[in-house]
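Biologist: I'm new to this one. Can you put it up and walk me through it?

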Amino acid sequence: MKTIITKSIKEAADFIVRGGVVAFPTETVYGLAANAFDVAAVAKIFTAKGRPSDNPLIVHCSDISQIEEITTGINENARLLIDKFFPGPLTLVLNRSKKIPDIVSAGLGTVGIRIPSLQLARDLIAAAGVPIAAPSANISGKPSPTTWQAVQEDLDGRIDCILQGEPTIFGLESTVVDCTVEPPVILRSGGLTYEKMAQVVPNIVQFTAKDGALPKSPGLKHKHYSPNAKVVLVDAKAVISPTEKAAFIGIEQQNSNFELIRLCQDKAEYAATLFEFFREADRKNIKVIYCQIIEEKGIGVALMDRLRRAAEA
Ligand code: TXA
Ligand code: MG
């Protein structure tokens, strides 16, 4: 299959309408979209990514009426979070209506929904005229793409189209919150911080493995975010003497004898550049990537989550 690369929203939307799969930018990471009501089209997403079929997809909407159509209703906690944080880097898990096919939800009774804040993303959904199911547009297990070129690197020849946009703003995926339970549970940390959500829903809790046997967000049990290089987490003060081709990313570092080094202004920049740095290191055939451990506050929670998963792999 030839992958068309375009800046035209109409051309990209036409592929979705005709049952194709299209990569598109959002404020978090690039997604891989198909018409959420079209089972055959959604199946193509799983094939293109090599994604396990037990991992549900987020459905991206352009407005509230689409959310009402695909859920059984918006409860009080969901309403509070939607009013304050939509559109934005937040996904809410709600009970799904019959309109959402099983394949989208991996057979669960729920559906993850979000309205992206990037205008280009909402324009694409509106032009397609249907909610779009979309995971991150990477080969399963690889870091999520934050540029259209990274999408091309993973999926060229496997998808119909890439809608070109700017590099993404947050660089980490959306925060996923289960609103079917009281209190709501953060299943995956992401672009929207716990601190901000707690201002609106004070009893919101972070999921921890000991809360239950299985993570409710099936994606959390799969291998994730890993570059080919080995990822090693280090303290700010650590003295590193690399013996192999090595890279460093963080905020402070005394040494400079790395093949590739990225010193960021702050946590937000660290989060925004991490996945692209992983890919750049792989392109340069780096063997070890040293990543600075940071304080788990604000966006630091999501960043440390991704770093730990990458280091485990
Ligand atoms: O920022 C994002 O969320 C990006 C952009 C493209 O929107 N999308 C994204 O999708 O990261 P994906 O598929 O790579 O990650 C979705 C996560 C997975 O961990 C999945 O298991 C979880 O959300 N999820 C989706 N639907 C769910 C549901 N009904 N119940 C529990 N978890 C769900
Ligand atoms: Mg993903």
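Modeller: Start with strand β6, which is mostly covered: 5 of its 5 residues are buried. Buried means under 20% relative accessible area, exposed over 50%, and partly exposed in between, with a 1.4 Å probe and protein chains only. Strands are DSSP runs of E, at least two residues, and helices are runs of H or I, at least four, numbered from the N terminus.

Modeller: Before we go on, this is a predicted model: local features need pLDDT of at least 70, side-chain atom pairs count only at pLDDT 80 or more, and totals for chains, interfaces and linings use all residues. Residues are numbered from 1 along each chain as written, chains are lettered from A and ligands numbered from 1 in written order, and side-chain values use heavy atoms, without hydrogens and water.

Biologist: Which residues of β6 point which way?

Modeller: Thr-110, Gly-112 and Arg-114 point one way, Val-111 and Ile-113 the other. In a regular strand, side chains alternate between the two faces of the sheet.

Biologist: How does β6 pair with β5?

Modeller: Antiparallel, over 4 bridges. Two strands pair if DSSP finds at least two bridges between them. Asn-95 stands opposite Thr-110 in β6.

Biologist: And what about β4 and β6?

Modeller: Strand β4 (residues 58-60) runs parallel to β6, joined by 3 bridges. There, His-60 stands opposite Arg-114.

Biologist: How many strands are in the open sheet?

Modeller: It has 11, with mixed pairing, in the order β1-β8-β2-β3-β7-β4-β6-β5-β9-β10-β11. The edge strands, β1 (4-6) and β11 (205-206), each pair on one side only.

Biologist: New topic. How many residues are in the largest nonpolar core?

Modeller: It has 46, and Leu-32, Leu-81 and Leu-92 are among those with the most contacts inside it. A nonpolar core is a set of buried Ala, Val, Leu, Ile, Met, Phe, Trp, Tyr and Cys residues joined through side-chain atoms within 4.5 Å. Helix α2 gives the most to this core, with 5 residues.

Biologist: What does Leu-92 touch?

Modeller: Its contacts (heavy atoms within 4.5 Å) include Val-111 and Ile-113, leaving out residues up to four places away in sequence.

Biologist: Last one. How many residues surround ligand 1?

Modeller: There are 26, each with a heavy atom within 4 Å of it. His-60 is one of the closest. An oxygen atom of ligand 1 is 2.6 Å from an N or O atom in the side chain of Ser-174. For Arg-51, the corresponding distance is 2.8 Å.

Methods
A polar contact is a pair of N or O atoms within 3.5 Å; within protein, one must be able to donate a hydrogen and the other to accept it, and residues adjacent in sequence count only if both atoms are side-chain atoms.
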